[in-house]
Amino acid sequence: MRAAVITLLCVWFVAGPVWAKQAPIPPFRTPAGPTAATPPFRGPESTPAEVTPAPAKAAEVPAGPSAAAPAVQDREAPKANLDFDAFGDSDKPKPDAAQAQAQLQKSLKIERQSKRRRNMLLAHQTLGFATLAGLLATCVVGQLNYYDKYQSGDFTGRYQDAHLYLSATTSVLFTTTGLLALLAPNPYPKPLKFDTVMVHRVAMAMATAGMVTQIILGSLTATTQVGKLDQPTLALAHVVTGYATLGFMTVGTLSLLF
């Protein structure tokens with residue numbers, strides 16, 4: 001029995017290494033997981049594989065005094081200003097409450113003046129056409145009265161009262177029309193220049209002078225110069241002035257229509 005045990009031990013020590021070379025032991029496997037796999041077990045005579053750890057990749061350091069400087073600069077950089085100045089008034093001082101209130105009152109005043117001026121000028125135009133028609137009728141009746149009194153030789157006086165009433169009515173219309181134009185507010189004054197408005201003003205100024213002259217000549221002819229030799233001459237001057245006044249007023253009225 002002792003001899004058999006000794007024989008088995010001798011066989012194990014002699015044939016063991018040979019068996020190990022012919023049938024290597026499979027590597028030890030660990031359950032799948034986040035840990036790294038255990039390198040395979042090798043026999044006594046196998047040389048363990050030299051595992052050289054991969055060199056750590058050097059951190060790329062950007063050129064400059066500090067690697068963190070750009071990030072700090074980006075964080076500290078001011079945000080872009082998206083405001084824009086379309087009318088170039090960003091540098092102008094903002095008006096205070098008093099100035100804003102004054103500007104509002106000025107705008108309201110201009111609006112009221114504009115509305116009143118529009119209404120007054122509309123009445124001016126309406127009365128202007130009525131005055132022109134009245135002046136035309138006065139000139140026609142005045143011509144008939146002059147002919148009846150100074151040229152026909154047979155004075156009947158049938159046109160005298162009509163001429164007097166037409167003259168008074170036309171004078172009142174003319175004065176009212178002129179006052180409406182003169183008293184109308186002008187919130188937007190314009191420089192003087194030669195245009196239709198200037199033609200209207202000049203023509204109406206001449207018509208005003210003609211109206212004043214007619215009133216003076218008519219009064220002298222009908223009162224102080226009655227029966228005198230120069231009475232027909234004054235009457236003729238009165239008629240001529242009436243036609244001239246009618247012409248100036250016609251030009252002044254039509255100048256605003258074209």
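Leu164 lies in helix α4 (residues 160-183). Helices here are DSSP runs of H or I with at least four residues, numbered from the N terminus. Leu164 is exposed, with a relative accessible area of 52%. In sequence, Leu164 and Thr138 are 26 residues apart; in space, their C-alpha atoms are 8.5 Å apart.

This is a predicted model, in which local features need pLDDT of at least 70 and side-chain atom pairs count only at pLDDT 80 or more, while totals for chains, interfaces and linings use all residues. Residues are numbered from 1 along each chain as its sequence is written, and side-chain values use heavy atoms, with hydrogens and water left out.

Helix α3 (residues 97-151) has 55 residues. From first C-alpha to last it reaches 77 Å, close to the 81 Å expected at 1.5 Å a residue. That expected span is 1.5 Å times one less than the number of residues. Gly153 follows α3 and has a positive phi, near 80°.

Tyr146 and Tyr150 both lie in α3, four residues apart, about one turn of the helix. Rings of Phe, Tyr and Trp (its six-membered ring) pair if their centres lie within 6.5 Å; planes under 30 degrees apart count as stacked, over 60 as edge-to-face and the rest as tilted. The count comes to one aromatic pair. The ring centres of Tyr146 and Tyr150 are 5.4 Å apart and their planes are at 35°, so the pair is tilted.

Buried means under 20% relative accessible area, exposed over 50%, and partly exposed in between (1.4 Å probe, protein chains only).

| Residue | Relative accessibility | Class |
|---|---|---|
| Tyr146 | 10% | buried |
| Tyr150 | 24% | partly exposed |

Key: Helices (H or I, at least four residues) and strands (E, at least two) are DSSP runs, numbered from the N terminus.
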